[in-house]
Amino acid sequence: MQPWADEIHRELTHAGVRVVGYVPDAGHKRLIELCHADKSMRTVVLTTEEEGIGLAAGAWLGGARSVLLMQSSGVGNVVNVLGLLKTCGFPLTMIVTMRGEPGEFNSWQVPMGEGTQAVFETMGVQVSRASTAADVAPLVAAALKSGGGQAVLISQKVIGIKSFQEQTNQ
Amino acid sequence: MKATLRRRDVVKKLLSDRRNLLVVAGLGSTTWDITAAGDHPLGFPTWGAMGQAAMMGLGLALAQPKRRVLVITGDGEMLMGLGSLATIGVQQPKNLTVVVIDNERYGETGMQATHTARGVDLAKVAKACGFRNSKVVTKSVPLRDLVHKTAGPNFLQIKVVAEKLPLVLPPQDGVLLKDRFRRALLGKSDA
């Protein structure tokens, strides 16, 4: 179970989030289920994280607040279009589950995991890191209150998936 | 078959008597086209974020289900976001129409051929992704009902002459474009 996911969902509800874009991810499994079950939220499954930035921009033009859920490997897929958040001042909170941190079981995840924060910051996104489960909800709440691009990185330690087998069994 | 439709005529016709229509334009020529038809606060002409015009249209359509939303973009821009056709097909927004003004060229970079010049059929891709209505348009036909009434998602691939036209530029200030759109639609620009 991921009790911190329920806390994020409460913060999204509190902030009036109506559109939730996501690329499926084991770390976000619980939160995705909660958002799907919530009739006040429209979930949009994406083929690539990049689509979530366009989706959020359009939703905001139409008066709806959205969030983007993804894994750190997806951060590389959004780099150019993150410019949209900065150029136009679109608010968007991105909630990112980390891969490639100490304990990672797949070495191919390491380069993007190591680069995640720097990539965001290079593109003008403000980054906060949740290293414990208790940090997650307050950081998400703070991000939702701020303007522009905001990313909350959830440490792999918080997610606690340590092998392919565990991921498959999720 | 050689295209005969002219892009500025097509876009002007799509936007004539536009009423409450919400419009997103893909970067490059289609941004100039919607501006040539008349700069309007309920249009969002993009200068970047290539590949995202259709997704912006989806976000807008989901946020404003009672309004009609029209995306006007180019073939090169659409090809960069091909996956978004699948995403839109899954969401089935009834109020969204995506129009690709297809000159089979990258118009801003030297008129190099796009995949549509080599036979890639975007209308068939949209159909296969679940768009309710999708077709290639090669001559002047009435399109008003499709944009303003027909339950979507709808997709039109309109073949046009490859031509370099005088640039008609909208404001470039992204904050201004966003804020004026939200003021016109929502009566406010802030949260």
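Two residues are in contact if their C-beta atoms, placed from the backbone, lie within 7 Å. This is a predicted model: local features need pLDDT of at least 70 and side-chain atom pairs count only at pLDDT 80 or more, while totals for chains, interfaces and linings use all residues. Residues are numbered from 1 along each chain as its sequence is written, and chains are lettered from A and ligands numbered from 1 in the order in which they are written.

Two more terms. Helices (H or I, at least four residues) and strands (E, at least two) are DSSP runs, numbered from the N terminus. A residue is buried if 20 or more other C-beta atoms lie within 10 Å of its own, exposed if 12 or fewer, and partly exposed in between.

Start with helix α4 of chain A, residues 79-88, where A:Val81, A:Leu82, A:Leu84, A:Leu85 and A:Cys88 are buried. Why do they line one face of the helix? Because, seen down the axis of α4(A), they fall within an arc of 140 degrees, the arc being that of the directions from the helix axis to the C-beta atoms. An α-helix has 3.6 residues a turn, so residues three or four places apart point the same way. The cover over the buried residues of α4(A) includes α3 (50-61), β4 (92-97) and β6 (149-154) of chain A, together with α8 of chain B. Just after α4(A) comes A:Gly89, with a positive phi of about 70 degrees.

Helix α2 of chain A, residues 29-37, has A:Leu31, A:Ile32, A:Leu34 and A:Cys35 buried. They cover an arc of only 160 degrees around the axis, which puts them on the same side of α2(A). Among the elements covering them are α1 (3-14) and β1 (17-22) of chain A.

Now the two chains together. How many residues of chain B are in contact with chain A? There are 29, and they meet 27 residues of chain A. On the chain B side, the elements that give two or more residues are α3 (53-63), α5 (83-91) and α8 (174-186).

Last, one residue in chain B. B:Arg7 is in helix α1 of that chain. Is B:Arg7 buried or exposed? B:Arg7 is buried, with 25 other C-beta atoms within 10 Å. Not counting residues up to four places away in sequence, B:Arg7 touches B:Ser29, B:Asp33, B:Ile101, B:Asn103 and B:Val160. B:Arg7 and B:Ser29 are 22 residues apart in sequence and 9.1 Å apart in space, C-alpha to C-alpha.
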